[in-house]
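Please work through the exercises below with the sequence and the model at hand. Each task is followed by a solution in steps.

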Amino acid sequence: MEIVEMVLSGKVNKDIAGELSKHGIQALGLSGKDGNLIVARKKYLYQEGEKIDIGHVGEVVSVNEKLLCDLLEKGYLPVISPVGCDPEGQSYNINADYVAASVSAVLKAEKLILLSDVRGLYKDIQDPASFISVIDVQTAKEYLRSGIIQGGMIPKMECCIEAIQKGTKNVHLIDGRNPHSLLLEIFTDKGIGTMVKGDEVDG
């Protein structure tokens with residue numbers, strides 16, 4: 001856990017904040033532990049009724065909305081590493097997508113954008129023609145239940161659903177390897193990834 005904190009809250013976090021600062025952005029690198037930004041609890045896996053201890057892995061309990069809003073109002077951009085702690089001070093490594101979802105929900109964000117190494121969501125990952133550009137929460141839940149959504153896309157889609165149900169307007173899954181992927185997703189009509197909407201999609 002010490003090594004995780006050194007890498008995520010130290011090098012990676014500060015490198016990102018530093019790159020943003022080069023472009024005139026007042027980026028502020030923070031650990032989720034700073035100012036009780038991310039309060040966490042230990043996460044367990046459950047398989048066939050058995051409770052499995054997976055170490056210092058946590059899940060988000062709460063986000064310090066006041067701290068975030070104070071920083072944003074003063075013109076700072078928080079760069080948050082996905083590390084939190086419980087009330088006893090125990091540190092936990094948290095899935096970064098779920099931290100982002102919790103932060104966006106607290107802020108009632110217009111958009112949460114998750115960068116991945118795939119284009120977005122497919123009905124069949126082996127069939128490029130099955131790509132889904134827009135999906136609503138109810139359909140996403142049905143795809144999860146029926147097994148259409150599989151593998152590493154399961155936690156990502158669960159994260160999207162959770163973010164929207166807690167207050168985020170839209171969530172976008174895009175391939176971060178593409179040059180200008182953020183611009184292409186946000187400022188073009190069709191975008192390049194999958195948008196998850198809270199309301200049912202027409203048609």
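Predicted model: local features only at pLDDT ≥ 70, side-chain atom pairs only at ≥ 80, totals over all residues.

Residues are numbered from 1 along each chain as its sequence is written, and side-chain values use heavy atoms, with hydrogens and water left out.

**Exercise 1.** Compare the span of helix H5 with the expected span.

Solution. Helices (H or I, at least four residues) and strands (E, at least two) are DSSP runs, numbered from the N terminus. H5 covers residues 153-165, which is 13 residues. The expected span is 1.5 Å times one less than the number of residues. From first to last C-alpha, H5 reaches 18 Å, close to the expected 18 Å. Just after H5, glycine 167 has a positive phi of about 135°.

**Exercise 2.** Identify buried residues of H5 and what covers them.

Solution. Buried means under 20% relative accessible area (1.4 Å probe, protein chains only). Among the buried residues are Met153, Met157, Cys160 and Ile164. Their cover, by contact (heavy atoms within 4.5 Å), includes helices H3 (96-106) and H4 (137-146) and strand S11 (170-175).

**Exercise 3.** Describe the sheet that contains S11.

Solution. Two strands pair if DSSP finds at least two bridges between them. The four strands form an open sheet in the order S7-S11-S12-S10, with mixed pairing. S7 and S10 (134-136) are the edge strands, each pairing on one side only. S11 and S12 run antiparallel, joined by four bridges; valine 171 has valine 196 in S12 as its bridge partner.

Key: Buried < 20%, exposed > 50% of the residue type's maximum accessible area, 1.4 Å probe, protein only.
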